[in-house]
Each structure stands twice: as structure tokens, then as C-alpha cells.
Amino acid sequence: MEQIRCLFEHYAGVSGYEVYRLPSSGGNRRYFRIVWDGGSCVAAEGTSADENSAFLYMARHFAGLGLPVPEVLAVSDDGMCYLQEDLGDTTLFDAVSSGRAAGRYSGEEKALLLKAVTALPDFQYRGASGMDFSRCRPVSRFDSRSVMFDLNYFKYCFLKPSSLEFNELSLEDDFSRLCGRLLQCGGNTFMYRDFQSRNIMRTPDGCLKFIDFQGGRMGPVHYDLASFVWQAKARYSQELKRELIGAYMDAASAYVQVDRGRFMEDLRQFVLFRLLQVLGAYGFRGLFERRPHFLESIPYAMDNVSELLSEPFDEYPALCGVLSGLVPLYGRRRPRPDCRLLVRIFSFSYKNGIPEDGSGNGGGYVFDCRGVPNPGRQPEYGSLTGLDAPVVEYLMKFPETEAFAGHAAALADMHIDNYLERGFQDLMFCFGCTGGRHRSVYFAERLGEHIRDRYGDRLAISLYHREQDIRKTF
């Protein structure tokens, strides 16, 4: 931190400023926003001199070619810290979050995605012009060693920890065949390496700028397109995937003649390879380092694997076999047809046990309503339920009722907001009381109405009063 302060003070010549830590990304670099009267910038502190050197070289190279990357403002003498233009906080991933949650992208969101994918050939072809690839780290080009590194990344960090039985020699034979097939595609273009929506910033003025290209190298163009279109959490429809690929090929045609049939055949090989590399990363960052974002992404990657294997790769039987075995092991989520979050609400009697969760998620919230005064102890309410006005009026007399309902709603809001952002599709709330007739029914209804009023058609709500066998939807 002291080095960053010294670098900034030397650059800006001001002493009155604030430094704020920014959320970390997948790597080990740390980012800070520095704000002063009249401006702001972002400071980066790396742990690898080679990685920093590669980023700084590429950033200046791309900027010199007019490509939209952050401006580098200052660099420390040892190259371990640097200041760059502040691009804001909105990634392309954030900018299209509504479409991702709904499973349907708006026209504005599609336009942003198309804008990003049509900018990719500029980096790959124009960006390669005059680039000194020897400055790339950790390798200068996409070769057999880098391919096998990623394939073994998958094998050792994801496949082996799964304890799935497989024939390692047969798998290695498939790896060798896949490696040879990928290298047939050649490519003296720039391979961005991690071209995905989290690495594209939407600036406050609506422009797109591209970051995190320091792992780039010379290589085929297909890898980057596969990275973008098959990003795990993107949930693009087949139609949108075709539209993005078509837009990319149109943009690439400004640089080379594109044989579209051959391109699609090659792209499918790189989709398979990219998915293996991604699973290796999720295994290391998620299963070993226990980083939540990577753990949460595994089921989405399994969806992509399952979709890809709907047309098997006959040339890689062992690899297809292990991938088919991993899909059910890591609990591929089966999306609802409308892709909306389904909130399931139950009322029940503790005498008959807590409702079982048939979604495979292991259950959700269970609220015990027995701390609220019981209408069932009053003879006049014995034949009624929490759906009846006299019971509602009775419960509303007590301050505990409103406090209980308010706390349950606050927890539900927090959880629903989180699930919508993460693209999850099932959430369960259960309300139990002694007989499952009065209090649990009342609070289940209250929560259903609250969620309906707050979220509207952004989600689906089902309610089941188990002891009365009453089902309803909102």
C-alpha cells in the first residue's frame, strides 16, 4: 500500500485523497480506487513481475493501435505497481445481468454483446500487427505444451478430485488427439486467452473497454470466441449463440476470408478445449481454494458440457466418457422452461415433519411459527384456517405477528436478490406450527403476497398448504 501511495503522490502531486480496496478477481493482483478532488484512478499491485510486464507492454501496444484499453498512467520503478484509467465498476457481465437472470436478453443487452464480439477481431488481427510476442507471459504462443498444460489442469484439478473412475491411458490418448487437432488450426493472430464479459468494462459514457489480456499469446482465433459465447453463467440461447458467432465472422471478414463451414468445425473443437480449461480453473479456484464464485459456476459449466455432448465427439471416446460421468456428479441444474426463479412456499405441521425438497437442493428456510400466539387454542377459531378473516384479525392484534412477518420478508428479499443475480432457479421457504392450520398458513400467505408485490413477474411463486392440501400460484 505504501508503494501505491508514493507512486500516486508522485504522479498526481496531491496529498488529499482516499484509497479504497476493490473486489479481487480470479488472480492474485490487488486493485484499489484512488479518489481525490477532481478525479480518480485505479491502482494495481501485482505479485508477478512477468505478468505485470506483459500487461503493461500489451496495454501500450494496443493503445498505440487505437484499441479500447485502459490508459496506463504511471508505473513504479520495480514494475510491481501501476496506475491506470478508472473505467468505473460496471462490467459487461453486470450490464446484461437482467437478461441473464430472466434467460431472455433485451435488444439493448444484445446490442452490447454484439458490440463486444465484433470488437474481438480487432484485437486478434490488428492487435497482432507489430506485436513482440516474446513479451507474452507465461508463454509466447499456443503450442502443444500449453495445450497439454490446460488438459492436465482439468485432469488433476477437477477430474481426479471428483473420484470418478477412468482409464488414464485412454484419456491421455484422447488428449494427444485433441492437441493435434487444435494445432492444425495454426494462427499467427493474437489470442486474448480470457475474452469474457467479466473482462469487458462498460464505462460511464457507454463505451466498452477491454481488460485482463495479460495472459494473451500468439494463437488461433477460435479460442477467444469459444470463451465468450460459452461463458459458463451467460446462459445464451442457441439462437443468440448463432447470432454472436455470425456477427464475429462478419467482423473477421474485414481481415481475412472466412470459410464458415470449416470455421464452425474448428470452433467446436475449441469449445470442448475451453470447457476443459474452465473446469480446471473451477477445480483449482473452487474445489481447492474454496472461492465461492468458482464453486457456483461449476453447474453452469456442466450445462455447457451436457449441451456440447448432445453431438458426441467420436474421436475422443474416453474424454466424452469422463465428461458424461461428471455431469450428474456435479449436479447439472435443469432449468425451468421459462428460466425464472421459482420460489416454493409451504405451510406444515411439525407433527407430520418438515416438507421434503424434491428439487435436489437439500431444502431452504424453515420458520418456526410456534412463538406467535396460537389461534387454535381459541374454540371459535378451531374450524378455521389462516386463510380466514377472523384468524387474520386475531393474529394481527399481536406485535409479534408483524415482527415475525417482517423478519421473514427481509431474509427472503436478501436471498431472492442474491439468487436472481446468480441465475439460480429454485428457492424454498417453509412455515411450521403445531397443527399446520393457522399461524403457518397465515405467514406463508403473507410471504407469498409480499414476494409477488415486490418482484412481480421476475419470478414464479407456488404455495402449498400441506395439511389442507391446498395449492396455489401467484
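## Surface and burial

Accessible areas here come from the Shrake-Rupley method with a 1.4 Å probe. In this predicted model, the accessible surface of the chain comes to about 21,300 Å², and carbon and sulfur atoms account for 50% of that area. Of the 474 residues in the chain, 51% count as buried, a class that takes in residues under 20% relative accessible area.

## Overall fold

The chain is built from 15 helices and 14 strands, and its C-alpha trace spans about 90 × 65 × 40 Å along the principal axes. When contacts between residues at least 6 apart in sequence are considered, 72% of them join residues that are at least 24 apart.

## Aromatic rings

The structure contains 38 aromatic pairs. Ring pairs connect Phe55, Phe62, Tyr82, Tyr105, Phe123, Phe190, Tyr192, Phe195, Phe210, Phe213, Phe228 and Tyr236 into a cluster.

Phenylalanine 93 has arginine side chains placed over its ring. The charged end of arginine 100 sits over this ring, 3.5 Å from the centre, while arginine 198 lies over the face of phenylalanine 93 at 3.7 Å from the ring centre.

Note on methods
Residues are numbered from 1 along each chain as its sequence is written. This is a predicted model: local features need pLDDT of at least 70, side-chain atom pairs count only at pLDDT 80 or more; totals for chains, interfaces and linings use all residues. Side-chain values use heavy atoms; hydrogens and water are left out. Rings of Phe, Tyr and Trp (its six-membered ring) pair if their centres lie within 6.5 Å; planes under 30 degrees apart count as stacked, over 60 as edge-to-face and the rest as tilted. A charge sits over a ring if NZ of Lys or CZ of Arg is within 6 Å of the ring centre and within 35 degrees of the ring normal. Helices (H or I, at least four residues) and strands (E, at least two) are DSSP runs, numbered from the N terminus. Buried means under 20% relative accessible area, exposed over 50%, partly exposed in between (1.4 Å probe, protein chains only). Contact means heavy atoms within 4.5 Å.
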